[in-house]
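Let's walk through this model together, one element at a time. Please have a look at the fold below before reading on.

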Amino acid sequence: MQRSDIEQAYPVIDEEKDEIRSDRPLLRDNEKVIDLERQLPRTKEEQNEKGYGTTAYLGLYFMMNLSLTFYNKLVLGKFAFPWILTAIHTGTSALGCSILLLMGYFELSKLSTREHLVLVAFSMLFTLNIAMSNVSLEMVSIPFHQVMRATTPVFTILIYRVFYSRQYATAIYASIVPVIFGVGLATFGDYHFTALGFTMTLSGVILAAIKTVVTNRLMTGRLKLPAYEVLLRMGPLAAMQSLLYSVLTGEFSDFMTYIAKGQLDQTRFLAVAGNGILAFALNIISFQANKIAGALTMTICANLKQCLTIVLGAAFWNIQMNAINSLGILLALGGAAWYSSIEVRKKTGR
């Protein structure tokens with residue numbers, strides 16, 4: 001698909017100028033076409049509300065993401081089935097969204113066969129991204145894996161520039177540098193990898209960037225699906241794919257043995273169920289934050305989360321930190337604060 005084809009299929013919102021560029025009607029409505037430019041915030045009050053709403057969603061995203069990270073660590077210590085847990089996360093998200101649909105919180109859109117196939121492809125991308133990360137982690141050291149994942153914002157920018165001709169302010173590029181470099185210092189350690197491991201890790205980084213951009217485009221492009229609907233349609237497919245992968249890797253067989261031995265007692269069952277519910281809530285917040293803040297901002301947040309995870313790990317799990325790690329965390333936090341200030345000024349019109 002050429003760049004022009006993509007731009008025709010999805011109206012592009014330029015984050016720097018809030019311009020919408022598309023050769024097609026923004027909504028498929030036989031009676032009228034709604035000009036989305038009229039929906040952009042015009043008054044200072046609307047701009048402030050937009051900026052503060054974004055900050056609130058990102059704050060919730062950080063809190064819940066960090067909570068789920070440490071919750072996963074606790075659960076996987078007694079329930080060592082990561083693919084089964086991924087299926088529970090995506091399945092619970094689909095179930096939760098089904099309940100919200102029945103309660104009338106949103107309505108399903110009428111999708112064409114091609115649009116259904118797009119969502120099937122998205123679910124496969126979601127699962128493949130997890131698989132690639134897990135497989136590559138076995139071929140490289142954890143510090144190297146974290147450093148490579150820190151470069152996701154670079155590939156996100158490249159995707160937007162190549163496929164959507166999006167331009168960013170020089171200050172945006174400058175603010176990303178200390179974030180990436182800071183994560184590198186924060187995770188500094190034993191870097192080792194194989195040629196195949198490097199290729200797999202790099203592929204995982206590119207897939208992560210693509211997934212973040214596609215998630216945003218599903219909710220802001222031509223389809224304009226609500227976060228609930230994306231999760232409802234994608235969740236069951238991703239859950240089945242995760243279960244299939246667990247079967248192929250032998251994890252499902254171990255899980256059945258685990259149940260047969262009576263190790264899945266009530267306490268562990270409730271812990272796993274609670275983990276799935278928290279994952280559902282995080283997915284809703286994460287998708288909504290991606291929709292209003294943008295894919296690039298979400299990749300910056302992912303880098304910042306790595307640093308905060310290290311800090312909390314040092315506080316609660318006695319993870320050792322040296323001066324280089326501490327300097328890296330401060331550098332990443334400073335870069336994230338710089339990036340955030342640019343975004344807030346842009347969204348509030350200041």
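Ser165 lies in the loop between α6 (152-164) and α7, and its phi is near 50 degrees, a positive value in a residue other than glycine. Most residues other than glycine have a negative phi. Lys224 also has a positive phi, of about 50 degrees, although it is not a glycine. You will find Lys224 in the loop between α8 and α9, partly exposed with a relative accessible area of 24%.

A word on what you are viewing: this is a predicted model, in which local features need pLDDT of at least 70 and side-chain atom pairs count only at pLDDT 80 or more, while totals for chains, interfaces and linings use all residues. Residues are numbered from 1 along each chain as its sequence is written, and side-chain values use heavy atoms, with hydrogens and water left out.

Now step back to the whole chain. The protein chain has 13 helices and 2 strands; these are DSSP runs numbered from the N terminus, helices being H or I of at least four residues and strands E of at least two. Of its 350 residues, 45% count as buried. The chain exposes about 17900 Å², with carbon and sulfur atoms supplying 64% of it; such areas come from the Shrake-Rupley method with a 1.4 Å probe, and for residues only the protein chains shown count as cover.

Axes here are lines fitted to C-alpha atoms, for helices over the stretch in contact, and angles run from 0 to 180 degrees between N-to-C directions. Contact (heavy atoms within 4.5 Å) involves residues including Ile172, Ile176 and Val179 of α7 and Leu296, Ile300 and Asn303 of α12. The residues of this contact divide into 10 nonpolar, 2 polar and no charged; Ala, Val, Leu, Ile, Met, Phe, Trp, Tyr, Cys and Pro count as nonpolar, Asp, Glu, Lys and Arg as charged, and the others, Gly among them, as polar.

Which helix does α12 (residues 295-316) cross at roughly 125 degrees? It is α11, with the two axes coming within 7 Å, and α11 and α12 are therefore oblique to each other. Ser286, Ala289, Asn290 and Ala293 of α11 meet Ala295, Thr297 and Met298 of α12, a set with 4 nonpolar, 3 polar and no charged residues.

Thr212, in helix α8 (residues 195-220), counts as buried because its relative accessibility is 13%. Leaving aside neighbours within four places in sequence, Thr212 is in contact with Asn290, Ala295, Met298 and Thr299.

Finally, helix α9 (residues 227-248) and α11 (residues 266-293) have axes that come within 9 Å and cross at roughly 125 degrees, which makes α9 oblique to α11. Among the residues in contact are Tyr228 and Met234 of α9 and Ile284 and Phe287 of α11. By class, this contact has 7 nonpolar, 2 polar and no charged residues.

Technical notes:
Parallel < 35°, antiparallel > 145°, perpendicular 65-115°, else oblique. Buried < 20%, exposed > 50% of the residue type's maximum accessible area, 1.4 Å probe, protein only.
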